[in-house]
Amino acid sequence: MKDSPSRHRQNSNGPEVPKFRGEKRKRYEALLSLRDELYDQVKDLSSSSLVNSREAGEDLADIGSDNFSRDMGLTLMSEEGKRIALIQDAIQRLIEGDYGECIDCGTKIGSGRLDAIPYAKLCIKCKTFREDNEGMPPEGGSEELTE
Ligand SMILES: [Zn+2]
């Protein structure tokens, strides 16, 4: 709990600062703070595993403790990295205007679901469908992976 959600940052997201209002703004801010949180986790993992492997020396060498710190590419393969990619994607959809619509059936995703998972791409119905069908979309649906 070191971060306050109301903290304002400058300059951390490049030149592109979309001006969202109302609902969109709320989602955008939720996505940004979630992304920051994940970045911090990735950073913590990287630095703590570095410290651990240095301090513990050879003892930890064979449990792969340096997996996270080897490079950013590997870090991005992690669970956090995947979620960061989903968040970036959701921000892109906010900008393009199709955020909050199910990529399979096109209905609006419930706001309760977006509160819980701001980067959700599927409505709960299609999400459940995919879970029952090994991740495959319904006929005619998109083939993008779900969260
Ligand atoms: Zn759907």
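1. Start with the core. In this predicted model, the largest nonpolar core is made up of 15 residues. If you want to find its middle on screen, click on L31, I87, A90 and Y119, the residues with the most contacts inside it.

2. Where do those core residues come from? Two elements, α1 (22-56) and α3 (79-96), each give two or more residues to the core. The largest share belongs to α3, with five residues. Domains come into it as well: domain 1 (20-98) and domain 2 (100-147) each supply at least three residues to this core.

3. Now step back to the whole chain. Which kinds of secondary structure does the chain have, helices or strands? Count them up and you get five helices and zero strands. Reading from the N terminus, then, the order of elements is simply α-α-α-α-α.

4. How much of the chain is buried? Of its 147 residues, 17% count as buried. As for contacts, take those in the chain with a separation of 6 or more: 48% of them are between residues 24 or more positions apart.

5. You'll find E134 in the segment after α5 (124-132). Its phi is positive, about 55°, even though E134 is not a glycine. Why is that worth a remark? Most residues other than glycine have a negative phi.

6. Is E134 buried or exposed? Count the other C-beta atoms within 10 Å of E134 and you get 6. The cut-off for exposed is 12 or fewer, so E134 is exposed.

Terms used
Residues are numbered from 1 along each chain as its sequence is written. This is a predicted model: local features need pLDDT of at least 70, side-chain atom pairs count only at pLDDT 80 or more; totals for chains, interfaces and linings use all residues. A nonpolar core is a set of buried Ala, Val, Leu, Ile, Met, Phe, Trp, Tyr and Cys residues joined through C-beta atoms within 7 Å. A residue is buried if 20 or more other C-beta atoms lie within 10 Å of its own, exposed if 12 or fewer, and partly exposed in between; C-beta atoms are placed from the backbone. Helices (H or I, at least four residues) and strands (E, at least two) are DSSP runs, numbered from the N terminus. Domain bounds come from an automatic or database domain assignment. Two residues are in contact if their C-beta atoms, placed from the backbone, lie within 7 Å.
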